[in-house]
Amino acid sequence: MNRYAVRRVCARIGVYVAAIVAALLCAGPFLWSLVTAFKQNRDLYDPTNNPFVFNRPATPDHVTYLFTDTAFLTFTWNTLWVGVLVVLITLVLALPAAYALARLDRPWSGPLAVAIFLVYLVPPSLLFLSLSRMVVAIGLQDSTWSMVLVYPTITTPVSVWLLMGFLKGIPRDIEEQAMVDGYSRLGAFVRAVIPLVFPGIVAVVVFAFTLTASEFIYALAFVAPTDQMPVSTGVPTQLVRGDVFFWQSLQAATVAVAVPIALVFNLFLDRFVAGFTMGSVKG
Amino acid sequence: MTTRISDRAGVLAWLFLLPSVLYIVALVASPFVLAIAFALSDVSAGDPSYDYVGGRNFERVFDDPVFWRSLGNTFVFTGISMVLIVVLGKVLANILVADFRGKWLVRFLVLLPWTTPVALSSISWLWLLDSIYSPIDWVLRFFGFLGPGENLYWLGQPGLAMTSVIAVHVWRLTPLAAVIMMAGLVAIPRDIEEAATVDGAGYWRRMFEIKIPLVLPVAAVAALFGAVFTFTDMAVVRVLTRGGPNDATQVLASWAFYRGIEGGDVGQGAAVALFLFPLLLAAAIAILRVVRRIEVW
């Protein structure tokens, strides 16, 4: 009996140790960024100082500088409104498409679903050159709107895929019941299906927003003026003057962007897992 | 009997799909065709007029040693990252499905590398790998692996630069692989394992004859996603090394960007980028085959 108890305790300790090690390996750079953001220059630029603790008193100067003297807030604002518009466009495109593919039973829905999945795998690094010429031709070069136009190419295919998974999880009886009750097929979709698939929609919103906020290549290729840049290109290119990096401010920017996104994402992690599972496994 | 348009599934299916299909044709299919057209032309930022030049861009690309170097680097990056991402992703997934206190915080911390915009986390790493102030060097000096004032120059030496870029990729994509594999672990029917236990199968037998075969397809999906994202990414290379030192970390995607956008040679950039496609197609077909196999359960 004792051997079992000891084993159990050891297993519990093992789980905790593994969890802590994993958390430190993943989040270590961010924890360290957080410390660095509040360091004085004399503390930071001394290679003999312990880089993980404050060797001199902490200072909020560099963080204040980030918010008051750089375009960081402009970048953040650009990322936010581009993200919101892209998410809306994505939903308008993906939700009906996913419903058609998951429910309307056309002979071509299988191949088309596969084709949309393949589109998801066509990377920005293959398309950015021709897209940047197209953006120039439309006259959206150096404008944040170019990203609003192009980013749904990244988010729509994967959202269709995820939403198909969620839609397949809803019993067909519900629409059939709604149609028996006098709704048209369209009415049943709007009134009965959309409310039920709402958790999936929220998951897609978060996922699409994260993809949009992370995008780098298109933003770098399309937009050069500082006031039009999103966070993902603005911070790495504009907080550097020649060879001089504003290190503390850069680290503060990373943490300020990383923490809110990860917090929201964590709230919906179980739904993503459910979505992936229903979409690909219980097809 | 007449049916309303809103009741006819066929018409409705078309109406529902048309916006997405049109959008994807306009902004994915046509730029793709355009990329092929550019690769066969002499279009450049300075002279945007289109002149067909046949395979000349490809000839020039093949004559360029940097291209072969980038191609080789791309494969090395992708191969090594993929193996590490899958193995570490599996370990991480097992930790994340376990039950313990403070799970919410651990999950939040573990997700950070993946949800943070890659350019931002890469710039944090740029300082972690700094030639003079690198905290990693400080730790090595602290434990006496490096002498006082010695540095490793992580991003300055070809081998170390490559190790660094791979490490950042693995660090960034492992949480994604873990989430994909969590989905797989959740989906595995519990009763199979329970039945095996009841039938007297020991731990190792269950591991090798039930668990691993069941997880393998999901692991393959995670591996292929990891490969596709590593293969096509240029943000980490761009921020950390700009392809240096001496093109030691140059990959196809970053090389296409240098030629096409910064060098202004759209034709050659497009020719380089097109090399990504056949390999991606192979990966995509592989993913689909594996997913099909899962669906038969």
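Axes are lines fitted to C-alpha atoms, for helices over the stretch in contact, and angles run from 0 to 180 degrees between N-to-C directions. This is a predicted model, in which local features need pLDDT of at least 70, side-chain atom pairs count only at pLDDT 80 or more, and totals for chains, interfaces and linings use all residues. Residues are numbered from 1 along each chain as its sequence is written, with chains lettered from A and ligands numbered from 1 in the order in which they are written.

**Exercise 1.** Describe how α4(A) packs on α8(A).

Step 1. Take the helices as DSSP runs (H or I, at least four residues), numbered from the N terminus. Helix α4 of chain A spans residues 72–103, and helix α8 of chain A spans residues 152–168.

Step 2. Their axes lie 8 Å apart, at an angle of about 45°.

Step 3. List contacts (C-beta atoms, placed from the backbone, within 7 Å). Residues of α4(A) including Val86(A), Leu93(A) and Tyr99(A) meet residues of α8(A), among them Val160(A), Leu163(A) and Met164(A).

**Exercise 2.** State how many residues each chain gives to the contact of chains A and B.

Chain A gives 80 residues and chain B gives 76.

**Exercise 3.** Check the span and burial of α4(B).

Step 1. Helix α4 of chain B covers residues 103–115, 13 residues in total.

Step 2. From first C-alpha to last, α4(B) reaches 18 Å, close to the 18 Å expected at 1.5 Å a residue (1.5 Å times one less than the number of residues).

Step 3. Of the 13 residues, 10 are buried (20 or more other C-beta atoms within 10 Å of their own, C-beta atoms being placed from the backbone). Among them are Phe108(B) and Trp114(B).

Definitions and conventions:
Helix = DSSP H or I, 4+ residues; strand = E, 2+ residues; numbered from the N terminus. Contact = placed C-beta atoms within 7 Å. Buried ≥ 20, exposed ≤ 12 C-beta atoms within 10 Å, placed from the backbone.
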